[in-house]
Amino acid sequence: MARVLIVEDDSSFREVVGLALKESGHEIATAANESEALKALDGGVDLALLDLGLPEKESGFSILDEMKKRSSTVPVIVLTGEKDMASHVRAMRDGAFDYVTKPVDVGQLERVIERALKPNGEPGTGEAIGLVARARTTPLEEGPLSELLGESPAMREVFKALGLLSASRATVLIRGESGTGKELAARALHNFSKATEKPFISVNCAALPGTLIEAELFGYRRGAFTGAERDRAGKLEAAEEGTLFLDEVGDVPLEVQVKLLRVLQERKYERLGETDSRPFKARVIAATHRDLEAMVREGRFREDLYFRLNVATITLPPLRERREDIPLLTERLLGEIGREIGRPMEGVSVRALDRLLTYDWPGNVRELRNALTRAAVKARGGVIGAQDFAFGQIEAPDAGGASAEAAAEAVSRFPTLDEVEREHIRRALARARGHRGKTCKLLGISRPTLVRKLRKYKIDAGPGGAGTPVPGAEGI
Ligand SMILES: Nc1ncnc2c1ncn2[C@@H]1O[C@H](COP(=O)(O)OP(=O)(O)OP(=O)(O)O)[C@@H](O)[C@H]1O
Ligand SMILES: [Mg+2]
């Protein structure tokens with residue numbers, strides 16, 4: 001049994017969660033704002049649940065800060081309805097034990113609490129918590145996407161790792177297939193670190209032959225080699241006390257690997273053609289899509305450098321292993337693409353989404369982005385249809401696979417009322433990402449009516465609803 005503090009402005013939420021936790025034997029204290037929360041904390045609690053979405057935007061984070069200052073050992077589990085990477089990363093960086101997304105699944109919440117109350121509970125490394133697919137409510141951001149997007153359990157684990165590691169200066173190795181967002185992850189580590197005002201310097205090790213990488217990294221003295229017409233600082237220097245991002249580190253030639261190792265070990269280096277050492281002060285983040293272990297076995301990557309780089313690892317999951325992120329990515333990427341091509345894009349048709357969801361995406365998010373861009377350019381209106389896609393070998397199950405004649409016929413024949421209703425329900429389900437409650441709201445019908453119609457039209461909505469990526473509790 002533990003004394004659990006619930007900090008949350010919504011009284012019904014406090015009650016429901018409070019009751020559930022009481023039933024499992026905990027003692028409950030509640031608070032609706034910062035001063036109440038701190039008072040309760042001073043009174044002694046074993047664990048706190050903190051809602052990040054309190055009325056004033058900053059107050060959740062300021063309470064977290066204040067709580068950690070006053071009593072750093074009380075684990076704080078953050079509750080949030082937000083989907084953006086920033087709040088997840090920031091909460092973990094600022095000392096939250098873990099976070100649980102709303103709507104909260106009480107069973108999962110209890111498991112996190114149990115883990116937090118264990119003497120040596122590991123922060124943020126459990127199952128990903130409480131994901132229920134639902135439509136996005138935050139407005140589209142302007143400008144290019146600079147954030148990793150994702151609401152899948154796998155991406156939430158990535159956000160947690162980014163949060164925990166952004167607070168440290170440890171070397172991080174980011175792994176993952178091409179196009180999975182390794183560079184965005186590296187930038188996030190920098191942007192959420194204390195060195196965010198310092199430079200983030202990126203070196204693409206695959207783009208340069210060995211001699212040029214050296215010149216690029218270490219800098220040189222005038223006359224050090226033909227063409228070195230003046231002294232030049234290298235990227236190690238330019239990174240100052242910020243972050244040096246070694247992209248595609250698996251492609252560094254062996255003769256440069258040994259020099260890199262020395263920089264990491266001794267934290268000093270010389271410009272080419274100079275003998276005086278200079279200090280190296282930046283934090284190192286490296287990324288690769290290569291199988292470094294195999295390269296070590298084959299003698300193509302130095303084992304000692306591998307161990308130096310592999311202090312902490314973040315692995316980005318391939319898109320095909322987190323297909324539930326495809327609708328969100330599509331929506332956000334299309335918003336950005338629409339701005340780029342100067343034509344607002346509303347979305348994709350149900351059939352087009354089907355294709356996106358079933359394709360394997362060997363090029364991951366980058367390939368998705370490219371496919372959407374090409375399709376958006378091709379699409380006549382603001383909505384992309386299945387026929388606008390040209391990726392892969394797969395054929396759309398219906399229209400795309402049919403002969404041109406049949407397709408023309410399908411378009412020209414006047415649809416029956418039932419056909420229209422069926423299609424409309426499918427669209428609503430897709431828009432609500434399979435969430436039945438939301439679908440009912442969109443359609444203005446009750447749940448039993450929806451269930452009846454799903455049966456009538458044989459729409460396979462799965463246990464939690466059509467296309468619901470993660471079946472699970474509807475939450476509170
Ligand atoms: N989870 C994600 N959310 C949003 N955008 C993403 C995500 N992952 C990748 N992207 C986008 O996909 C593209 C490729 O990302 P990035 O360059 O970070 O991948 P990478 O893993 O470094 O790939 P490579 O190994 O080919 O260099 C970028 O346009 C990036 O914005
Ligand atoms: Mg990259």
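These legends accompany a set of close-up views of one predicted model.

**View 1. The whole chain, as a starting point for the close-ups.**
The chain has 476 residues, and 49% of them count as buried. Its secondary structure consists of 19 helices and 16 strands. The accessible surface comes to about 22,900 Å², with carbon and sulfur atoms making up 51% of it.

**View 2. The largest nonpolar core, which has 45 residues.**
Within this core, L5, M67, L162 and I174 have the most contacts. Helix α6, spanning residues 153-166, gives the most to the core, with five residues. The core lies between domain 1 (3-163) and domain 2 (168-315), because both of them give residues to it. A separate, second core has 30 residues, V203, L261, L264 and A282 among them. As background for this view, nonpolar side chains tend to be buried together in soluble globular proteins.

**View 3. L162 and the residues it touches.**
Here the view moves in on one of the residues with the most contacts inside the largest core. Once neighbours within four places in sequence are set aside, L162 is in contact with M85, V89 and L148, and also with A185, A188, L189 and I314.

**View 4. Ligand 1 and its surroundings.**
There are 18 residues around ligand 1, and those that come nearest are L149, S178, G179, K182 and R366. The side chain of K182 has an N or O atom 2.6 Å from an oxygen atom of the ligand. Backbone atoms take part as well: a backbone N or O atom of T180 lies 3.3 Å from a ligand oxygen atom, and a polar backbone atom of L184 is 3.3 Å from an oxygen atom of ligand 1. On its own, ligand 1 has 630 Å² of accessible area, and the protein covers 87% of that. Helices α7 (182-191) and α15 (364-378) are the elements that give two or more residues to the shell around the ligand.

**View 5. A186 in helix α7.**
A186 has a relative accessibility of 0%, so it counts as buried. Leaving out residues up to four places away in sequence, A186 touches I174, F200, F245 and I285. For a sense of how the chain folds back, look for I314: A186 and I314 are 128 residues apart in sequence, while their C-alpha atoms are 9.8 Å apart in space.

**View 6. S152 and its polar partner, D325.**
S152 sits in the loop between α5 (106-117) and α6. Although it is a loop residue, S152 counts as buried, at 0% relative accessibility. Its side chain makes a polar contact with the side chain of D325, at 2.6 Å.

**View 7. D251, in the loop between β10 and α10.**
The loop that holds D251 runs between strand β10 (243-247) and helix α10 (254-266). Is D251 buried or partly exposed? With a relative accessible area of 23%, D251 is partly exposed. Apart from neighbours within four places in sequence, D251 is in contact with C205, A206 and R290. The contact with R290 includes a polar one between the two side chains, at 2.6 Å. From D251 to A206 the C-alpha distance is 5.2 Å, across 45 residues of sequence.

**View 8. W361 and R433, two residues with positive phi.**
Both backbones deserve a look in this pair of panels. Phi of W361 is near 50°, a positive value in a residue other than glycine. W361 lies in the loop between α14 (350-358) and α15, and is buried, with a relative accessible area of 0%. In the other panel, R433 has phi near 50°, again positive in a residue that is not glycine. The loop holding R433 is the one between α17 (417-431) and α18 (436-443). R433 has a relative accessibility of 6% and counts as buried, because the cut-off for buried is under 20%.

Key:
Residues numbered from 1 in each chain as written. Chains lettered and ligands numbered in written order. Predicted model: local features only at pLDDT ≥ 70, side-chain atom pairs only at ≥ 80, totals over all residues. Heavy atoms only, no water. Core = buried A, V, L, I, M, F, W, Y, C linked by side-chain atoms within 4.5 Å. Buried < 20%, exposed > 50% of the residue type's maximum accessible area, 1.4 Å probe, protein only. Helix = DSSP H or I, 4+ residues; strand = E, 2+ residues; numbered from the N terminus. Domains from an automatic or database assignment. Contact = heavy atoms within 4.5 Å. Near = heavy atom within 4 Å. Polar contact = N/O pair within 3.5 Å; in protein donor to acceptor, adjacent residues only side chain to side chain. Areas by Shrake-Rupley, 256 points an atom, 1.4 Å probe, with all protein chains shown as cover.
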